[in-house]
Amino acid sequence: MIRIQSESFDPGAELAAFAERSGGAGAIASFTGLVRPDSKGASVSTLELEHYPALTEKTVTAIGESARARFGLVDLVILHRHGKLEPGEPIVFVAAAAAHRRAAFDAVDHVMDRLKTEAPFWKRELGPEGARWIEARDEDLKDRARWA
Amino acid sequence: MARFLFFGRLRDSLGTGAMDTALPEGIGDTEGVRAWLGGDHPALLDPSVRIAVNAEISHGNAPIADRDEIAFLPPMSGG
């Protein structure tokens, strides 16, 4: 299941609902990404996430489908926010259910690496020192290359 | 009329996120559009900027026509 939304969400409630849906799995792994209160020494008051709805939905769906097949998952959920977010708020939530732990861990890791580099979102940090666009870093690209 | 979309830092450097304009005579593919608009907006010429046609990322030079939605995508930062 894929959801791209501006509303905040409760990662704990999402995980509980996911666990209920994926009965029969032997392992569930999840990841929650949060807005950091500072970035490179500058404080962040707001994170703006822009997206291209038609392409974003399609790309995130494809990333999810490919992870389900690659890791033989029982179920997978990807939630991603857009709009204006404040420090401490959740940005992204990924949970994978599989027969065994390795597939669940790897699937979440893989989906996150692909979201970082391939999902059409653009982040801008606003703070007292002005606005700054964030783009995938070399480290993100290296992480993505692990799954080639 | 074709519709052009500019995301992320490109929206700032072009001063707009969307623009409707007719394709000039002789411009019929993504690299042609990039060179044409890049004349006034060199940020579009950066090789890290990808182009999507009707919400489909083009790999290589893709044909375009009037009524297409052509989006310029700087490096993405999801997650």
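Predicted model: local features only at pLDDT ≥ 70, side-chain atom pairs only at ≥ 80, totals over all residues.
**Sheets, helices and the A–B contact**

Leu49(A) has Lys123(A) as its bridge partner in β9(A). In general, the strands of a sheet pair through backbone hydrogen bonds, in either a parallel or an antiparallel way.

The two strands are part of an open sheet of four in chain A, ordered β7-β5-β9-β10, with antiparallel pairing. The edges are taken by β7 (83–85) and β10 of chain A; each has a single partner strand, so one side of each is left without a neighbour in the sheet. From one strand to the next, the twist averages 25 degrees.

Chain A has another open sheet of four strands, in the order β1-β6-β8-β2, and here the pairing is mixed. At its edges stand β1 (2–5) and β2 (27–34) of chain A, and because each has a single partner strand, one side of each is left without a neighbour in the sheet. The average twist from one strand to the next is 5 degrees in this sheet. Within the sheet, β6 (residues 75–81) and β8 (residues 90–98) of chain A pair in the antiparallel sense over six bridges. Ile78(A) is placed opposite Val94(A) in β8(A). Helix α1 of chain A, residues 11–21, lies across β2, β6 and β8 of chain A, and runs at about 20 degrees to β8(A).

Next come the helices α2 and α3 of chain A. Their axes come within 10 Å and cross at roughly 155 degrees. Angles over 145 degrees count as roughly antiparallel, so α2(A) is roughly antiparallel to α3(A). The crossing of α2(A) past α3(A) is right-handed. From α2(A), the residues that meet α3(A) are Thr59(A), Ile63(A), Ala67(A) and Phe71(A). On the α3(A) side they include Ala103(A), Ala107(A), His110(A), Val111(A) and Leu115(A), along with Asp106(A), Arg114(A) and Glu118(A). By class, the residues of the contact of α2(A) with α3(A) are seven nonpolar, two polar and three charged.

The contact takes 22 residues from chain A and 14 residues from chain B.

Most residues other than glycine have a negative phi. Asn54(B), although not a glycine, has a positive phi of about 50 degrees. Arg67(B), also not a glycine, has a positive phi of about 85 degrees. Asn54(B) sits in the loop between β3 (50–53) and β4 (69–73) of chain B, and Arg67(B) is likewise found in the loop between β3 and β4 of chain B. With 15 other C-beta atoms within 10 Å, Asn54(B) is partly exposed. Arg67(B) has 10 other C-beta atoms within 10 Å and is exposed.

Definitions and conventions: Residues numbered from 1 in each chain as written. Chains lettered and ligands numbered in written order. Contact = placed C-beta atoms within 7 Å. Buried ≥ 20, exposed ≤ 12 C-beta atoms within 10 Å, placed from the backbone. Pairing = 2+ DSSP bridges. Axes fitted to C-alpha atoms, helices over the stretch in contact; angles between N-to-C directions. Parallel < 35°, antiparallel > 145°, perpendicular 65-115°, else oblique. Left-handed = near helix turned anticlockwise from the far one by under 90°. Nonpolar A, V, L, I, M, F, W, Y, C, P; charged D, E, K, R; others polar.
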